[in-house]
Amino acid sequence: QVQLVESGGGLVQAGGSLRLSCAASGSIRNIYAMGWYRQAPGKQRELVAVITSGGSTNYANSVKGRFTISRDNAKNTVYLQMNSLKPEDTAVYYCHCSPPGSWGQGTQVTVSS
């Protein structure tokens, strides 16, 4: 069992920045990929960015060049640096890890225009 705890969400003006953190605890030994997903009201949850234990990354086209995912394996923590935020980035952001496919509780990011 893996527990994920997110932090760092909040309200920011368009063009601003936020950094999300996700700390993993529990049975973390075999975690391969950690990532961030988001879900806006009335929309499906979508992948934002993912990083493997080896450091390979993948981003949604909508955030490429603006968001950066990073991982501190020693701290079992993954980060999402979000720059040049847009109102359409407003969503609840969820941390995810696999295996075993655990989710965090989510953190709200609101970008005002």
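Reader: Where should I start? Which strands make up the open sheet of four strands?

Author: The model is a predicted one, and its open four-stranded sheet has the order 1-3-8-7 with antiparallel pairing. Strand 1 (2–7) and strand 7 are the edge strands, as each of them pairs on one side only. On average, neighbouring strands of this sheet are turned by 15° against each other, direction ignored.

Reader: How many bridges join strand 1 to strand 3?

Author: Six bridges join these two antiparallel strands. As an example of facing residues, Val 5 stands opposite Ala 23 in strand 3.

Reader: And what does strand 8 pair with?

Author: Strand 8 pairs with strand 3 (residues 18–26) in the antiparallel sense, over six bridges. Strand 8 also pairs with strand 7 (residues 67–72), again antiparallel and over six bridges.

Reader: How many residues lie between strand 7 and strand 8 in their hairpin?

Author: There are four residues between them, and Asn 76 in the turn has a positive phi of about 55°.

Reader: Is strand 8 mostly covered or mostly uncovered?

Author: Strand 8 (residues 77–82) is mostly covered, with five of its six residues buried.

Reader: Back to strand 3 for a moment. Is Ser 21 buried or exposed?

Author: Ser 21, which is located in strand 3, counts as buried because its relative accessibility is 16%, and the cut-off for buried is under 20%. Beyond residues up to four places away in sequence, Ser 21 touches Val 5, Glu 6, Ser 7, Trp 36, Val 78 and Tyr 79.

Reader: New topic: the core. Which residues have the most contacts inside the largest nonpolar core?

Author: They are Met 34, Trp 36, Leu 80, Met 82 and Tyr 93, in a core of 29 residues. Several strands each supply at least two residues of this core, including strand 4 (33–39), strand 5 (46–52) and strand 9 (91–98).

Reader: What is Met 82 in contact with?

Author: Leaving aside neighbours within four places in sequence, Met 82 is in contact with Gly 16, Ser 17, Leu 18, Leu 20, Arg 66, Phe 67, Tyr 93 and Val 109.

Reader: How many disulfides are there in the whole structure?

Author: The search finds one disulfide. Cys 22 and Cys 95 form it, with their sulfur atoms 2.1 Å apart. Cys 22 lies in strand 3 and Cys 95 in strand 9, so the pair ties together parts that are 73 residues apart in sequence. Both cysteines, Cys 22 and Cys 95, are buried.

Reader: Why is the disulfide of Cys 22 and Cys 95 called left-handed?

Author: It is called left-handed because the torsion about the S-S bond of Cys 22 and Cys 95 is about -85°.

Reader: What about Cys 97?

Author: Cys 97 is in no disulfide, and the nearest cysteine sulfur, that of Cys 95, is 6.8 Å away. Cys 97 is buried, with a relative accessible area of 0%.

Notes
Residues numbered from 1 in each chain as written. Predicted model: local features only at pLDDT ≥ 70, side-chain atom pairs only at ≥ 80, totals over all residues. Heavy atoms only, no water. Buried < 20%, exposed > 50% of the residue type's maximum accessible area, 1.4 Å probe, protein only. Pairing = 2+ DSSP bridges. Axes fitted to C-alpha atoms, helices over the stretch in contact; angles between N-to-C directions. Contact = heavy atoms within 4.5 Å. Core = buried A, V, L, I, M, F, W, Y, C linked by side-chain atoms within 4.5 Å. Disulfide = S-S within 2.5 Å.
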